Amino acid sequence: MFALIQSAGWPVWPLLLVSIVAVALIIERGVTLRRSRIVPEGLLEKVLADLRQKGATSEMANRVAAHSPLGRVLAAGLRNVGSTREVMKEAIEETGRAVAHELERFLNTLGTIASIAPLMGLFGTIVGMIDIFAAQGAATTNPQQLAQGISTALYATGLGLMIAIPSIIFWRHYRAVVDGFVVDMEQQAIKLVEVVHGDRRP
């Protein structure tokens, strides 16, 4: 690996740094954005059962909010059970926006890496081309400098694409996952509002 880095030249170092950041973000988002952690099954049913038995209390709302991101959205509704439908929905929507923003954390960074990695590879290619032209003297050619320039150009281009392709795949995947979670939370929150206001059976 060290020999590969040496032959690729200094333009590969920023690409290696970016690749480490991309891998870290992909792993972190994969661990964080699990359905069982974000939208756990059966939480709404449990909340509705507790609501029927004990009513909405601040202790219950705090417990539900600490459970999961979905719990935070439902807890916003529980804290406004005695309010009108509009106030209850408004509280849920405000919390939902904050939760959605948290779920999208680091995705912009991953998307940026996917966009700039090919450009960084192109920059390395240009540096390599400069070395290639510099190796061509008026009378002689420097084979070592020529080989270095070719290595820098090829390695930088290849590494830039190797970073960009998986980064954009995971960025799009995680965006779709977050969108799915947001829709799921919205539907469950609407059901809570309708049950509380008597428009729907639990």
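Author: A salt bridge here is a side-chain nitrogen of Lys or Arg within 4 Å of a carboxyl oxygen of Asp or Glu. Side chains of opposite charge can pair when their charged atoms come close. The model is predicted, so local features need pLDDT of at least 70 and side-chain atom pairs count only at pLDDT 80 or more, while totals for chains, interfaces and linings use all residues. Residues are numbered from 1 along each chain as its sequence is written, and side-chain values use heavy atoms, with hydrogens and water left out.

The structure holds seven salt bridges. One of them joins lysine 46 to aspartate 50, with the closest N and O atoms 3.5 Å apart. These two residues are separated by about one helical turn, because they stand four residues apart in helix 4; helices (H or I, at least four residues) are DSSP runs, numbered from the N terminus. Lysine 46 is partly exposed at 48% relative accessibility, whereas aspartate 50 is buried at 12%. Buried means under 20% relative accessible area, exposed means over 50%, and partly exposed lies in between (1.4 Å probe, protein chains only).

A second pair sits in helix 5, where arginine 63 and glutamate 59 are four residues apart, about one turn of the helix. Their side chains meet in a salt bridge of 3.1 Å, N to O. Arginine 63 is partly exposed, with a relative accessible area of 37%.

Another salt bridge joins glutamate 28 and arginine 29, and its closest N and O atoms are 2.6 Å apart. Glutamate 28 is partly exposed, with a relative accessible area of 24%, but arginine 29 counts as buried, at 1% relative accessibility.

Helices 4 and 5 also take part in the surroundings of helix 6. Nine of the 10 residues of helix 6 (residues 69-78) are buried, so this helix is largely enclosed by the rest of the structure. Among the buried residues are Pro69, Leu70, Gly71 and Val73. The buried residues of helix 6 pack against helix 4 (43-54) and helix 5 (58-65), and also against helix 3 (35-38), helix 7 (85-103) and helix 9; contact means heavy atoms within 4.5 Å.
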